[in-house]
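Take the interface between the two chains as the subject. The questions are how much surface goes into it, and which elements meet there.

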Amino acid sequence: MSSAEHLPAWSLPAGAAESLELPTEWPGRVTREWAWGDSTGKDVRVCILDSGIELGHPLVGEIEGAVAVEVGPGDEIRVVEDAEGDLCGHGTACAGIVRSIAPDCKVFSVRVLGAGFTGSGTALLGGLRWAVENGFHVINMSLSTTKSQFAGLLHEAADAAYFRRTVLVASAHNMPVESYPWRFSSVISVGSHEETDPLAYYYNPKPPVEFFARGVDVEVAWLGGGSARSTGNSFATPHMTGICALVLGKHPELTPFQLKSTLYLTASNVVEADE
Amino acid sequence: MSNDLRAAVAAGVMASEDAHRSLLQSTVEVARGIFSAKAATIFLYDEETDELVFEAVSGLGAQALIGNRIPSSTGIAGWVLVTRQPLVLEDVSQDPRWGGREIAERTGYTPQGLMAVPLIHEEDSVGVLQVLDRPQETRFSLEEMELLGLFANQSAIGLDLLRKARRARGVLDESGVEVEALARLAGAVDRLEGPKRQAGLDLLRSLEGLITH
């Protein structure tokens, strides 16, 4: 009775506590070795919700597939096979960062850019819903919207992801503006630190930004099989996505809550404080 | 009086298009100066055509760029506008498709790197500020990123003023002579000083009383 389908959903009747037995053996002390030692992110499906991914880029390698979100009249959403590659370079950069940390994970591109600015909020929401329905383990969202009309709908999609065991990793804003979905507590929000270690990340006890990962002067994949040095929270985010893929590669049964707890317990400032 | 009409009349006494252009030009000059960069540009988002328009350029010696349009959701500027995320790129390997293309094609100058930041006013992404080719001997820092964000905030306010003034001017143009006459009247009263100004305002108040009762 350990499968998620048989667990009581709304209440816990007398004598049913045994059914809550967890599939994970939690060690007395969670270490990075326990969390992702020897993991390569194998079999973890990572979705890059961005500008597309350049096919055949040496720093990205094979991708599992690519779709584009189109916005029709009346905000009708269509998700179609995508052969455009990357319209900007950013999605390729994110995919390359994830690959550098979790070399064996499966990378999938959901392109939400290219439909014009007017339809961009609708495309973002449509792409996120599609990715959640398609059961990716981790969704990298290095983007946000400031339109409050999308806040409620994005919040619902983020919660749906959380309960379906899809982890949303979203870039925090480093400007004083309200934007979504990174502000929601059901996602893992990421800002930048200035260190060079790709596996260094910090838990922030003063949310809304929950984690800081490498986001300054990062060598990334760019268009034409090339590269660039880049800075921004949007590059810190795929570092956390890659680390999530490593942990889920070793512990696929973890829920987003457990994964976030694991990230907290293995964060650089928490590990150091514990030593 | 409708909001549009009120805005239109206000525009009659507001600064001219030239003054707004000066504000944007000054913004790109300062942006270029702060970061010791080779150039800086501002794009304004045009809602009607769903495009980004070059509004101001500093340092490229190519005012010909002004008025040029690019798609709103491709390239670096499009990505920044849509995602609301600032971005810094340096040492970009030469590829004709990268975000510097639109500049390179029209000026013959190909940037090696850029900082791009969305200009956000309230809920709206109103444009994009780009700073091209900062000196690369120093590593980029989060402090600079913060400065870029603060500066972008101020620029967004300027860009929003320009956008509103243009919209108001559009209302004036479409409404014909009646609204223009009102705007002229408001402008004339605004230029008065001392007792004459008071008399002008009293007269307007009386006129308002007369036509609303």
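This is a predicted model: local features need pLDDT of at least 70, side-chain atom pairs count only at pLDDT 80 or more; totals for chains, interfaces and linings use all residues.

The size of an interface is often given as the accessible area lost when the parts come together. Here chain A and chain B bury about 3600 Å² between them, and 54% of that area lies on carbon and sulfur atoms. Of the area that chain A buries against chain B, 20% is supplied by Phe117(A), Met175(A) and Arg229(A), more than by any other three residues. Counted by contact, 46 residues of chain A meet 39 residues of chain B.

The polar side of the interface comes next. The rule finds 19 residue pairs in polar contact across the interface, both residues being at pLDDT 80 or more. The largest share, six residues, comes from β11(A). By type, the residues of chain A that touch chain B divide into 15 nonpolar, 25 polar and six charged.

There are also three salt bridges across the interface by the rule used. In a salt bridge between Lys147(A) and Asp124(B), the closest N and O atoms are 2.7 Å apart.

Strand pairing also crosses between the chains. β11(A) pairs with strand β4 (residues 87-90) of chain B in the antiparallel sense, over three bridges. Which residue of β4(B) stands opposite Arg229(A)? The residue is Glu90(B). Arg229(A) is also one of the three residues named above for their part in the area that chain A buries.

Note on methods:
Residues are numbered from 1 along each chain as its sequence is written. Chains are lettered from A and ligands numbered from 1 in the order in which they are written. Side-chain values use heavy atoms; hydrogens and water are left out. Contact means heavy atoms within 4.5 Å. Buried area is the accessible area (1.4 Å probe) that two parts lose on being put together, summed over both. A salt bridge is a side-chain nitrogen of Lys or Arg within 4 Å of a carboxyl oxygen of Asp or Glu. A polar contact is a pair of N or O atoms within 3.5 Å; within protein, one must be able to donate a hydrogen and the other to accept it, and residues adjacent in sequence count only if both atoms are side-chain atoms. Helices (H or I, at least four residues) and strands (E, at least two) are DSSP runs, numbered from the N terminus. Ala, Val, Leu, Ile, Met, Phe, Trp, Tyr, Cys and Pro count as nonpolar, Asp, Glu, Lys and Arg as charged, and the others, Gly among them, as polar. Two strands pair if DSSP finds at least two bridges between them.
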